[in-house]
Structure formats: structure tokens, C-alpha cells
Amino acid sequence: MTPVGNETPFLALENVSKRYGGVHALRNVDFACGRGSIHAILGENGAGKSTLIKIVSGVVRPDEGVMSFEGAPVAFANPAAANGAGIVCVFQELSLMPDLSVAENITLSAPPRRFGLIDRGAQHRRAEELLSRIGCGDVNPMQRVRDLSLSRRQMVEIAKALHRDPRLLILDEATSALTAADVDRVYRMLFDLKAQGLGILYISHRMHEIDALAERCSVFRNGRHIETFAKGTRSPDEIVELMIGRELESQFPQKPMRERPKPILAVRDLAWESRLAGVSLEAGSGEIVGLGGLDGQGQKELLLALFGVLRGVKGEIRVGDTVQKPASPRKARDGKVPIALIPEDRKSEGLILPMSIEDNLVIASLPRMTRAGLLDPVRVSACVKAAIAQLGIKAESADQAVSTLSGGNQQKVVIAKWLMTRPEIILLNDPTRGIDVGTKQEIYRLLRRLADEGACILFYSTDYEELIGCCDRVAVMYAGRIVRELEGEAITERNIVSSALNIGTSGPARRTEPLDG
Amino acid sequence: MADAVAAPAARPGRRAGANWGLRIRQRLDLLAAVALFAALYLVYQLNHPKGFTSQIFIQNANEAFALALVAMAQTVPVLMAGLDLSVGAIMNLVWCIESHIVRGGPADIALGLVVCVLAGAACGFANGCVVVYGRIQPIIATLATGAIYIGMALFLRPTPGGKVDEDLSWAMASDIGEAAATFGFEEAFETTWLRPIAVLPVPLVLLALIVLLVWIPFNRTITGRTVYAIGSSEGAAYMSGLPLDRAKLAAFTVAGLFAGLGGLFLALQTSSGNADLPQAGAYTLNSIAAVVIGGTSLLGGSGSVVGSIVGAFVLRTISFNFRIFDVDPLLQPLFEGLVLLVAVSLSGLSMLRLSNRLEVFR
């Protein structure tokens, strides 16, 4: 760990660890940052950055270790306590109340009061003042947050943080939803705040932002603090190296060597709101195509669009021989070329937790299970039995509630449920998140087997190893479009990470602006 | 990177005008309810043989007052995305308590009224405790407590009866001038500048006072704002360090207070007490209807008690019209249901704008 000057550090963590279940989110982290500086934190998905800032801002408490702020040890019970101490975080997920006005949101935690009652005039003026300080004088404080664009909401979120007069300001991916103009406003505001002596922790995946803003960078990997260095002492290549730093294990099935098949799914110039900005992609039967890139670059929206969940999608989707945009998940499932989507959140979108394994397994394929309009119990239990055997779901009985299964087995139920619909195109949205290594390997083998049997698989994963090990091709997304397609030998972690950060091999990065919806 | 991006300057002149447009757009639900009420009420008054006389105004105000208060009561939990099924029962309980204690000398009457108001608030506070500390959903918690309150009312008034101070009864159910005269202040309204006020029905003035003295201050406290925040996004409210438990307790207490005030008036109006289970239920259900017509979202986070008052007026005006047009009483629920359906479908229109269909379920 590099000490920050000679004075006592502004914020210091010593030997901090945090576990979620069996997973180490942070391991023995020592970290320090100073005042009057912008300190960037870098790392892959799941490197522990989010856990770090959650601990600093009082959202979670560390299992071990001590934290000190301005020289005194601190332990925050909740976010409000951290705010009280002067640590304010602008979170990635918005913390705004959609139904309240901009002014009410900005002053939410400590509105100006007169005679004990909220002073609306003062509240309005305070909101105007803060908004103009971050260059958003055009936002009307009386507007409801619900009616603002995503970029503007994020700016309101920043104004809300400033209202608390922070001494340490944390921005977690605060610029990911911003338009270029708003990003410039944030830059100027951050330089101002730095000059006023605030400490700023800046988490971003955008290398050029870190280049422009930060004096110091810290790299995290697998829950460990790897290294802290001053800006300019490391090349982008070295930074990527630091972020990856581990070897691939061979836990993946062999990839077949063959010609690229004729596409069964073809997407052209797909656009939706600000999240998809012209995606073009092809995938054929027997192929596993990976979607890579950092979280939130439009991968999920692409899958949702293909499954008919999104409305107002522009562009062309060709499934089989027909050009058609699925109108709903039901239509996507029942089309001539059936589509299945293994959703991101198995607890809310994949499963009906209180219902039994059997009921969950057949719920997407009920029309196949009927005879004379009634569910045929014989056929149902035969199919359920086959599915349990095929996926190796470990359960005492098919009648037990699916909520009683482990995460890995629950995920197998979700996959089995969709395989029962006999899909020809299978969309997977990060299917191995939060499940054990053994089940992951079973899922990899299953995917390869399905592909060999002729399925077309589109596979989004936040885990780069998985993409490298499983996929015939990987399309890396950035800011709502595919920036690079990797094939065969070119699918390496280095290539994925550098494309994901859009630093590429060809010249300096140029950010593709998300459209402001 | 830092090429100058000039922040668009605020233009105060245009801003004022834009804000009016914004205010109107944000309150379209309420305005629609007001328009509906105005139309229905105009039809009623035009067709009434004694239309546009103060006698009719006073009579209508009396009939609408208790429901308006119970609807106000319902609004507060609904803003937190909860339902309070005990508002009708609290109203009924306070009604029965009052029929026992509000009589005698002026001091006795005053004390009795204070006890009634406190009883309503205490019932609401008890609801809040069950919800907050018992961690029970409001709808089921208040279903249980509502049954308890009705039980207490039946215990207090097994059969209709009791008595409330008659002067007070008369004063509450007339216009301001009449009310002043009842207590020997007729000279007060001889002065010309007060004359226009004298014709206002007492119940309407009381409603305005309750909104001004209870709701608007409550709405401007951090607690009141937290009520809206809970309905809008409870997780975000927690992350913002707002006092969630305190706000829930306060919200149910205010709801109990409003419902109790409704019962208070009902006792004065009928000048007796009656523990009436079906009536309590009808008031509770109508209060939910009034809240929805008034533009408050059942999903919480947006709306106001003023809208609910208008909603209550709409419901009552529908019944007034049935009386005028001599509609078969058996058909009345059918028409009430149709009007409610139309009013509610207006608030579903916004769903058409969503572009991620999954958000409908969130």
C-alpha cells in the first residue's frame, strides 16, 4: 500500500474483509485516499469495488478490519450515519423518489425548515442553486423526477449528494448514464470540489475518464487490493494486466472446429431508447455466441428485445426466414422458430418460488401438456422426471417448493423449464451468476451439448473466463452497440477487457455517446 | 474534454409561465375529478326544484362531510402504498363514544370533544404500532384492528341511542351565520364584510380548516415527506436515511385522527350514537373509491387529501342525482360502479407509455 503524503490519511481501511455466504467479496484490504484529490478505483466485474464503497458509505458492515476517517476510527450503522460524518455516495442504482419533485428529492434528507416546517421557497432556491452549480440550471426544480431523462436523473442524484455538504464524495459509475454534455458538467464540478479540498473516490469503467480526472488509481481484483499508483505511471496495457492477473483453468468442454453456420437469428441496427444504439449481430444453429463487455452496456436490453419484452424497438430482427419483431414473450416462445430466455433474476423472473419444482418446470410449456384441454398428469410427471434427470436437479421430490433448493439447482430448474419448450434459439442472461463452480461446469457442458444438437445460443455473461471457455464467438458491447467481434484464437481475456473498456488496439478510445432518450 | 458546454441559463420570466403549465399537467387527475364533480353537481342543482338555495347547499355539505373525512383518512396510508380497512370502524367507534360524553356544561362538552379526537388518533396510532412493530401488512393489520374497534363500538352502544348537546348539533349542521347565532354571536355577521362568509355551510368551513391546520403542516414536515417517499420507493427512502418507522406511525395516527373527526361530526349530525357494522364497511370501501377518483395512486407516492375530498363529493353527488331522477335504488350500485370504473381507467392510461413491458409488473 502506498501512503498518501506524510499526514494521516483522510480515509483509511485496514485489513478489511467481507464475505457474502461463502464468497469473499473483499479480502484483507488496506486502502487509503487523501483529501483534495480524485482517486479512481478500477477492477473487473466482481472485483470488490462495489463492496468497498458500500462499506465506506455505511450500507454494509465489514466482517473484519477497521476504517478511519479524518484520523478517527469509524463504524457506520447505516447510510445516514455515514452521511452525517460527511461521506456521501452517488450510487449506480438511482436513489431518487420518482413521484417527488426534483427540489424535494435534492433536499430529501435535510430539507430547509422554518418553524419546524419545510420551507418550500428555500427548498426551491437551494435546489436551483445546487443545480446551477453542476451546470443544470435548465432543470426545473418543480418537475417530477419520473419525467426526467436518465441522464438528468443522474445529475439530480449528484445535486442531492452535494446538498449534504460531503467531505468525501464517492461516485459509483455515476457517469454511465450521462450524455456527453452532462459528463463535461460533472468533470468541471469535480475539479471545483477537488479545489475546495474534498476527497473524491471515482469508480468508472471508462479509462479515458480516469485519465482525464484521477491523480491516483487503485486496482482491485478478486476482492483484493492489488496496487495503487499515480496517474501516468502505468500504461493502459499494464492496467489491463493488473485487472486480469489470473490463469484460465480448463473447466470447459472442447469447442468443435467447423465452418460458421448459416444464421438463424440476424439482427440489424437494433435501437431502443438510450440503451441500444444500433446493434447488428448474426448467430447460427449449433453456435454459442457470447455477449461480453462491462455490465450495463445494453446486453440485457438486447436479449429482452429479442424476446419481445421491450416496446418501441427500432431496427430489424430476422428469426429463421421471417423478419419479425416478437410482440411478447408468449409470441416469441410460440413462433415458428421458438425462442427461450433464461432471465437474469431467477428469483423474480425465472421462478415462482413458493410453487413446486414440478409446477415450475411445466409452467412455460403447459400447452404441450394437455389432453382435451385438461392437464394430463401422466404426461406432466413423465416430462418432469425426464427434465430432472437431464439436468441432474438434486431434490428429494418434485413436489417440494423450488425455494427450498440451492441457487445452482434453482438455476437448473429455470433452464430445464425453458428446454421443455423445445427452443431453437436460447438466450441466456448471465445464467451462472451466484452459483457454485460444479453447477457452472454442468451448465457449460449442457450448453455445448444443446449447440451440438442444433440450438442457437446467445449467451451474456459478466464472467470473462466463461465467455472464453464456452463461446465460438464473442461480441463485446459498449454503450449500446457491438464494438468488436472476437472469434477463435482472438477470444482472449486481454482482447475482451480492452474492447470492453473500448481502448482497443487501434488508437485512442473514442466514447460512443449514448443517445439521450 | 472540457470544451465549454454552456449551461442553459434559467430564464425567470418564462419559468413562471412554464411552471403553471407544469402544475396543471402534474395535477391532471385532480382536475379531472373536479370537472367530473362540477358537471354532476351542476346537473343535480339545475334539476332540483329548490336548486341553488342555501338550504340545499347545507344539506349536501352535511351528507358529504363524514365521507370526505374518512376519504382523507384513507389517503394517508394509500400514499404509502397501503390500505387502511379500519377507517370506517374508527369513525363508528368515535361516534359511539361521543354519544356518551358530549353533553352538559360548555367545559364538559369541550372535554368530551377533545376525548373523541384523541380516541380517533389513538386508534390510528394502534394501527401504526401493529404495522411497524408487528411487521404486518397494513391491509390485514387494519382488517383485524377494525373488527376490534367495531366490537368496542357495539359494546358501548348495543342499541342506537345516546344524546349529544343539541345546540352544538344544530350549529354544526347549518351555515356559519346560523352557527354564530346559536351561541349568541349574531352581531358578528351584521358587519357587511363578513356577510358573504355567513352563508357558507359549517361542514365545508371545517373541512377547509382541517386541511389548512392539519394536513398542510403535516405535509411539510420531514415525516410527511417520508410518507410520500415510502410510497414512491421505500428502498430509496431507507438509503436516503429517512425516518421510516416514525413516518408510518404518524401516517396511521393522522388517518385515525381524520376518521375520528368524521365520526365526531356524524354524532353531532345525528345527535345520537349507533354501532353500525354495515355502515362502517360501506364507509371504508367508499373511502377507497374516493381516494382513487381523487387521483391518488394505489401504488403510493402521489396524490393528496384534497383530491380525496373531491372524490368523496363525486360519490355523494352520484347519490344526490339518483334522488332527483328517481332512479330505482336497486340500480344505484350498478351506476356507482360504472362511474368508478371510468374514473379509475383514466389513471391506467399512463401504462400505455411504458416501453419496457416488464416495468408494468414492478
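Q: Which residue in S14(A) does A:Leu265 stand opposite?

A: A:Leu265 stands opposite A:Ala283 in S14(A). The model is predicted: local features need pLDDT of at least 70, side-chain atom pairs count only at pLDDT 80 or more, and totals for chains, interfaces and linings use all residues. Residues are numbered from 1 along each chain as its sequence is written, while chains are lettered from A and ligands numbered from 1 in the order in which they are written.

Q: How many bridges join S13(A) and S14(A)?

A: Two strands pair if DSSP finds at least two bridges between them. Strands (E, at least two residues) and helices (H or I, at least four) are DSSP runs, numbered from the N terminus. Strand S13 (residues 263-272) of chain A pairs with S14(A) in the antiparallel sense over seven bridges. A:Pro263 has A:Gly284 of S14(A) as its bridge partner. The hairpin of these two strands has three residues between them, and A:Glu273 takes a positive phi near 45 degrees there.

Q: Which strands stand at the edges of the sheet?

A: In a regular strand the side chains alternate between the two faces of the sheet. Here the sheet is open, with four strands in the order S14-S13-S16-S17 (chain A) and antiparallel pairing. S14 (276-284) and S17 (322-323) of chain A are at the edges; each has a single partner strand, so one side of each lacks a neighbour in the sheet.

Q: How do the axes of H11(B) and H12(B) cross?

A: Axes are lines fitted to C-alpha atoms, for helices over the stretch in contact, and angles run from 0 to 180 degrees between N-to-C directions. The axes of H11 (residues 222-239) and H12 (residues 244-270) of chain B come within 9 Å and cross at roughly 130 degrees. That makes H11(B) oblique to H12(B) (under 35 degrees is roughly parallel, over 145 roughly antiparallel, 65 to 115 roughly perpendicular, the rest oblique). Residues of the contact include B:Ile230 of H11(B) and B:Ala250 of H12(B), where contact means C-beta atoms, placed from the backbone, within 7 Å.

Q: Which element gives the most to the side of chain B that touches chain A?

A: The size of an interface is often given as the accessible area lost when the parts come together. By residue count, 33 residues of chain B are in contact with 37 residues of chain A. Helix H1 (12-26) and H11 of chain B are the elements that give two or more residues to that side of chain B. H11(B) gives the most, with nine residues.

Definitions and conventions
Two residues are in contact if their C-beta atoms, placed from the backbone, lie within 7 Å.
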